Amino acid sequence: QVQLVESGGGLVQAGDSLRLSCAASGRTFSSVAMGWFRQAPGKEREFVAAISVSGGTTYYGASVKGRFTISRDNAKNTVYLQMNSLKPEDTAVYSCAAKSTTWPSSTYSNPGSYVLWGQGTQVTVSS
């Protein structure tokens, strides 16, 4: 059973940085694209970032572009989300997800195109 486990969340102040990790079990990690989404209380799930199988192509949501960086280490079965210049509005539960291989890459921001999700990690940014 493939599982995704996030870590690295916490409470930080505005302007600080955090790095989230998503560790995947199973041998299929290196053959699927990965994404990060977030959900704040009372709000819909929001696309944060996605990365291609090789790591050569990345995508970002408008609200995080220029501040967050997604990367992956296929040898370690891990995808990362480096978050810099954090703002209070970044407060949310962050979840990583594995993208379905049957959906085109153009659907990277559609949560429906992801087939496996982690349990999420809380990020809280105080002002």
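Which residue lies over the face of W117? In this predicted model, which numbers residues from 1 along each chain as its sequence is written, local features need pLDDT of at least 70, side-chain atom pairs count only at pLDDT 80 or more, and totals for chains, interfaces and linings use all residues. Side-chain values use heavy atoms, with hydrogens and water left out.

The residue over W117 turns out to be R45, at 4.0 Å from the ring centre. A charge sits over a ring if NZ of Lys or CZ of Arg is within 6 Å of the ring centre and within 35 degrees of the ring normal. R72 does likewise with F29, lying over its face at 4.6 Å from the ring centre.

Now for the rings themselves. Six aromatic pairs turn up in the structure (rings of Phe, Tyr and Trp, the last by its six-membered ring, with centres within 6.5 Å; planes under 30 degrees apart count as stacked, over 60 as edge-to-face and the rest as tilted). One of these is F37 with Y114, edge-to-face at 5.0 Å centre to centre and 80° between the planes. This pair links distant parts of the chain, as F37 is in strand 4 (residues 34–39) and Y114 is in strand 10 (residues 114–117), 77 residues apart. Strands are DSSP runs of E, at least two residues, numbered from the N terminus.

F37 is buried at 2% relative accessible area, and Y114 is buried at 5%; buried means under 20%, exposed over 50% and partly exposed in between, with a 1.4 Å probe and protein chains only. F37 also pairs with W117, tilted, at 5.1 Å centre to centre and 55° between the planes. Here F37 in strand 4 and W117 in strand 10 are 80 residues apart. W117 is partly exposed, at 24%. Ring pairs link F37, F47, Y59, Y108, Y114 and W117 into a cluster.

Methods. Helices (H or I, at least four residues) and strands (E, at least two) are DSSP runs, numbered from the N terminus.
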